[in-house]
Amino acid sequence: MPGLVNVLVIVAVIALVVVRQCSARRISGDRRWWVLPGILLVMALREPGLVDRDHEVVSVVILGAELVVGLVTGAGWGWTARLWRGEDGSLWSKGTRATAYVWTGGLALRVALYGAAAALGVHQGSSALMMALAVTLLVRSGVLALRAAGIPASYGDTADRAPFRQAWKDRV
């Protein structure tokens, strides 16, 4: 039963994240961006089947590769999201086409890792996927928080915008 619960949690979190990513979302400054990934990480670590005991070394290598894919996907996702200030000064974010490519690439790599594990006879439970998802969300949220900190709170007059425009041109 816990495996089914994990799968349902994973599907629900992915659905929530994809829906939120595809629409413009206001970024709050509550500094709790790590809570959801933290909960997922705790749920993944509490499961006993994180590593296949019959193939420990290969299982740990595949889990490590899964976490690296999650890290890279999260970083790519965070850096490809569009950030902007609204008229009221609030910060907004929305995924771009490049974000969709990052998601697709990350998904393809995860499927390839799962296939390699299956071919090697390594059992992978849902906890490994949940841990990789937690890493992805944690890195993505951290990158967005880092990028958001670099966007001025208000633009002021046109002269104040010049450094921001130059920094934006340098980044893009």
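**Labels and their grounds**

Modeller: The crossing of H2 and H5 is left-handed. By that I mean the near helix is turned anticlockwise from the far one by less than a right angle. This is a predicted model: local features need pLDDT of at least 70, side-chain atom pairs pLDDT 80 or more, while totals for chains, interfaces and linings use all residues. Residues are numbered from 1 along each chain, and side-chain values use heavy atoms, without hydrogens and water.

Biologist: Which residues of H2 and H5 meet?

Modeller: In H2, Leu 36, Leu 40 and Met 43 are among them; the H5 side includes Ser 127, Met 130 and Leu 137. Contact means heavy atoms within 4.5 Å. By class, this contact has 13 nonpolar residues, one polar and no charged.

Biologist: What makes Ser 59 buried?

Modeller: Its relative accessible area is 4%. Buried means under 20% (1.4 Å probe, protein chains only). Therefore Ser 59 counts as buried. Ser 59 sits in helix H3 (residues 56-80). Beyond neighbours within four places in sequence, Ser 59 touches Leu 50, Val 51, Asp 52 and Val 122.

Biologist: How do you know that S2 and S3 pair?

Modeller: Pairing takes at least two DSSP bridges. Four bridges join S2 to strand S3 (residues 91-94), and the two run antiparallel. Trp 84 has Trp 92 as its bridge partner.

Definitions and conventions. Nonpolar A, V, L, I, M, F, W, Y, C, P; charged D, E, K, R; others polar. Buried < 20%, exposed > 50% of the residue type's maximum accessible area, 1.4 Å probe, protein only.
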